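Please examine the sequence and the structure shown here.

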Amino acid sequence: MPLSARALVLAVVTVALAASGACKGGFFGRQYEYEEDLYLALDGSATLVVNASIPALVALRGLDLDPAATRLDAKRIRAAYESPVTEITRISPPWRRNGRRFVQVRVDVKDVRRLNEAPPFAWSRYTLAPENGHHVFEQKVGASALRAGTLRNVGWNGSEVVAFRLHLPSRILWHNARDLDTGLPRSTARGNILSWEQHLADRLDGMPLDIRVEMDSQSILHRTLWLFGGAFMAAVAALALLIWFTVRKGASQAAPTPGS
């Protein structure tokens with residue numbers, strides 16, 4: 001390999017390693033043993049995506065699955081997540097990480113305020129309501145489904161983390177999300193995404209987690225459409241005024257002068 005090519009490869013590797021060290025949990029950021037991504041609308045409808053290891057689903061949510069099984073029992077997962085308040089739209093093929101199988105479950109919800117009626121989400125209480133001119137969302141996460149003797153050694157080493165992530169439809173006014181490592185308030189990601197994290201051991205022990213967000217009662221899409229509509233109408237008005245001015249000027253130039 002030419003010296004210049006070796007230098008380029010070394011530079012790329014160095015940058016990658018530096019980035020990996022800078023990110024919590026590695027090059028791709030922190031990896032979670034269990035996470036819920038809630039995509040919320042102001043009317044209470046939502047999509048909830050769960051990414052979790054099979055042992056975490058057993059220990060945290062009490063799913064009747066065998067962590068040591070060689071094949072994923074998708075029928076049991078579907079049966080666990082199906083309910084009168086949820087609609088299962090996808091169960092992914094499993095993947096492996098750190099010797100454990102993971103799966104993704106995607107659920108549509110008509111009213112997030114009733115989501116706790118579905119057994120896998122019964123550990124949370126959800127509220128969404130207008131308050132003082134804006135909307136407030138709250139989720140209070142309670143005890144896990146851990147039972148003594150449920151799991152043997154599944155490879156957990158105490159560093160595992162769980163996360164509850166909100167994808168919100170409007171501008172965030174206030175929230176109580178804090179960084180797991182520093183305890184400092186979290187900044188929002190891309191303007192309207194927030195994360196709350198816990199160590200897996202604390203979640204297994206049922207340490208409460210209170211989530212609260214205050215946000216605009218007007219969605220970002222709604223605001224954007226109004227701004228776009230206003231800009232469009234202003235442009236149309238300006239064009240109409242320009243056309244009127246041009247026609248009037250042309251008419252005045254074409255009019256015969258007296259005595260001609």
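**From surface to core and sheet**

The protein exposes about 15,400 Å², of which carbon and sulfur atoms supply 60%; accessible areas come from the Shrake-Rupley method with a 1.4 Å probe, and for residues only the protein chains shown count as cover. This is a predicted model, in which local features need pLDDT of at least 70 and side-chain atom pairs count only at pLDDT 80 or more, while totals for chains, interfaces and linings use all residues. Residues are numbered from 1 along each chain as its sequence is written, and side-chain values use heavy atoms, with hydrogens and water left out.

Of the 260 residues, 37% are buried (under 20% relative accessible area, with a 1.4 Å probe and protein chains only). The protein contains five helices and 11 strands, taken as DSSP runs of H or I (at least four residues) and of E (at least two), numbered from the N terminus.

In soluble globular proteins, nonpolar side chains tend to be buried together. Here the largest nonpolar core has 48 residues, a core being a set of buried Ala, Val, Leu, Ile, Met, Phe, Trp, Tyr and Cys residues joined through side-chain atoms within 4.5 Å. Tyr34, Leu57, Tyr81 and Phe137 touch the most other members. Helix H2 (residues 54-61) gives the most to this core, with six residues.

Three bridges join S9 to the antiparallel strand S11 (residues 209-215), and tryptophan 174 stands opposite glutamate 214 in S11.

Note on methods
Buried < 20%, exposed > 50% of the residue type's maximum accessible area, 1.4 Å probe, protein only. Pairing = 2+ DSSP bridges.
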